[in-house]
Amino acid sequence: MNRHSEDPARACRFGFVEWFRPGEYARSEEVLADILAAGASHLRTHLSWAEYLAPGGEEWFDWLIPRLGAAIDLLPCLHYTPPSLSRTGRSSGAPRVLKDYADIVDHILTRYGAWFTHVELWNEPNNLLDWDWREDPEFDLFCEMVGAAAYWARHRGFKPVLGGPCPFDPYWLNLMGERGVLAVVEAVGFHGFPGTWDSEAASWGGWDLHLGEMRQIMDRHNPRAEIWITETGYSTWRNDELEQVLRFAKAINLPVARSYWYGYQDVAPDVPVQEGLWFDPRHYHLGIADHQGHPKLLGRLLQEGGLSRVDDVARLQGPGIMRPARPLVISGGAGFIGSNLADSFLREGREVIVIDNLSRPGVDRNLAWLEERHGGRVHPALIDIRDLPALEPALADASAVFHLAAQTAVTTSLERPIDDFEINARGTINLLEAVRKAGRQAPVIFASTNKVYGALPDLAMIETEDRYVPADPMLRAHGVGEGRALDFCTPYGCSKGVADQYVLDYAKSFGLPSAVLRMSCIYGPRQFGTEDQGWVAHFLIRALSGEDISIYGDGKQVRDILFIDDAVAAYRAVHAGIAEVSGRAFNLGGGAANAVSLNMVIREIDRLRGRGTGRNLAPWRAGDQLYFVADTRALRDAFGWRAATEWRKGLSALHDWLVEHRFPHLAEEGRRSAAR
């Protein structure tokens, strides 16, 4: 029997459902590894009778079932009649000889029984695509077929599971009891997808009601049988990934013996589902990772810390968006800039709605920090800006909106340009339309980027020992001004540039008070920098971790870096003076006084740490500028704003914050060294 059956260490609160198509050897290996990394120890997959008897079928399942069963507690779902044996000529029809199903079950148990203890008998028998009950309106054929197979499986020492109907039908389940099927199974499956399928909307009464009905019926006919949730899930077709997290957290805590989440990976866009290719987009977004294997929010949380991380994030979502009087709204408010900006207003007693989908690793900790500091004046709206119906109520009463939510990496935009466009361009127009629809003329202040000016290939440069400097002395003295022509480069530059222009146009076309801040490199506490975005923090994190820093290019490229406190002051100044500057764009950066090359920053990091840092050189990346320094005189003239923090002091402050919050062992080592 199954080597896992007596191993209590393998017990787990959840599993996954994943269907593998014949020939998907590489995909099966990849998904299996991801499922195990997510912390699951159960897997439900189908073993199609029709596919098994098709050419190459035995070879496929001879590889698949042992491969899966060796790694995880496997539940095969045996269904689909070979059309040549079917009464209807389709895989959903009953076999002409009902005993043939018991025979194939017997054969499968003999051939693969070492790899599982339970076998599921059919799937969704009230779904016409799985069982054509029009040819079996009283389920006489189904009961005879499955009852005989279950009886024989039990006789052989296996544990049969009755496939669950979808939507749940207590009358059908009771019929299975009256016909004797429930008496010969060890568990009964339940399928439920609350919030996803319209077919359940009218009949769904909640988990407690349906599981209670199920238990009452089973207690009458087989009280020892277990209830398993063999399929539940939530489609993120509207990009509401946080809702998927909440549904998952609910499902795995239900009072059932096992719970299987459908599924791990989205269906690929070129693969037809049962109803046909793209018959319903919801079928294509049920995974916790997309079809290319990139984790969604739920997938990332499970890989980061398992169920405890899921619980941590689920607790951040309140019962719903509160309705404070004219709150400030910050999209991307759990991010680095957004959380610092929110904190500045919350310290003054303001009410702040924080819109964020928590897609960036670590930002949920920023939201938890805000809630710890400010309690009920923080109103999380954990939604995606691509989800317009969810966005509208969050913005309905806004007094002002700071729009910082974005896809922020050039590299990601090159890999996934459609996603980049949907987030940055469509997400921005969603936000603008939601604000306009509310009719309150709330100001919108948008976080744009210096990438809207392109790679600046026409600027003549002088290469010095450790940096590039412009040949033009005026450019050296002041930097690039807002009069520079826009020149979008890379999908990221295009999507942010489109959003930049839409924000300005809404001031012209609709009179919506709005302004744009085209930012250089902002850095400071609460930044979880990566190689693709937030490079100053990323360099420090790598150095403090004792790892080498990757340099794309030669390290002489120059940026004007700006400390977060100064960036917050600029956003607040624009907010306060929006009536005078609506429809304008401003450059925001550290200016010429804080213009540094990457090499200069690394040298200062080495000084702060007291040791050198290794460097790995790599080719230049698309759209990378040799030099960008923002001319911030327009901000100075409009608001009296200046970058107040010298870059070395700012870098030292970020270093100290990271040591305290990300590398506490280094802080302890420093204290012991000082004591000696």
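The following legends describe several close-up views of one predicted protein model.

Residues are numbered from 1 along each chain as its sequence is written, and side-chain values use heavy atoms, without hydrogens or water. In this predicted model, local features need pLDDT of at least 70 and side-chain atom pairs count only at pLDDT 80 or more, whereas totals for chains, interfaces and linings use all residues.

**Figure 1. The whole chain.** The protein chain contains 24 helices and 23 strands; helices (H or I, at least four residues) and strands (E, at least two) are DSSP runs numbered from the N terminus. Along the principal axes, the C-alpha atoms fill a box of roughly 90 × 55 × 50 Å. Of the 676 residues, 58% are buried; buried means under 20% relative accessible area, exposed means over 50%, and partly exposed lies in between (1.4 Å probe, protein chains only). Among contacts with a separation of 6 or more, 79% are between residues 24 or more positions apart, a contact being heavy atoms within 4.5 Å.

**Figure 2. The parallel sheet.** An open sheet of 7 strands has the order S11-S10-S9-S12-S13-S16-S20, with parallel pairing; two strands pair if DSSP finds at least two bridges between them. Strand S11 (378-381) and strand S20 (584-588) are the edge strands, each pairing on one side only. On average, and with direction ignored, neighbouring strands of this sheet are turned by 20° against each other; axes are lines fitted to C-alpha atoms, for helices over the stretch in contact, and angles run from 0 to 180 degrees between N-to-C directions. Strand S10 (residues 352-355) is joined to S11 by 4 bridges, and valine 352 has valine 378 in S11 as its bridge partner. Helix H11 (residues 336-346) lies across S9, S10, S11, S12 and S16, and runs at about 165° to S9.

**Figure 3. Two aromatic pairs.** The whole structure holds 33 aromatic pairs. Rings of Phe, Tyr and Trp (its six-membered ring) pair if their centres lie within 6.5 Å; planes under 30 degrees apart count as stacked, over 60 as edge-to-face and the rest as tilted. Tyrosine 25 and tryptophan 60 form an edge-to-face pair, 5.0 Å centre to centre with 80° between the planes. This pair links helix H1 (residues 25-37) to helix H3 (residues 57-69), its members being 35 residues apart. Tyrosine 25 counts as partly exposed because its relative accessibility is 33%, whereas tryptophan 60 is buried, at 1%. Tryptophan 49 and tyrosine 101 form a tilted pair, 5.9 Å centre to centre with 50° between the planes. Tryptophan 49 lies in helix H2 (residues 49-53) and tyrosine 101 in helix H4 (residues 99-112). Ring pairs also link these two into a cluster with Trp122, Trp131, Phe139, Phe142 and Trp172.

**Figure 4. Arginines over rings.** Arginine 526 lies over the face of tryptophan 369, at 4.2 Å from the ring centre. The charged end of arginine 621 sits over the ring of tyrosine 552, 4.1 Å from its centre. A charge sits over a ring if NZ of Lys or CZ of Arg is within 6 Å of the ring centre and within 35 degrees of the ring normal.

**Figure 5. The surroundings of valine 601.** Valine 601 lies in helix H21 (residues 598-609) and counts as buried because its relative accessibility is 0%. Not counting residues up to four places away in sequence, valine 601 touches Trp535, Phe539, Val596, Trp647 and Leu651.
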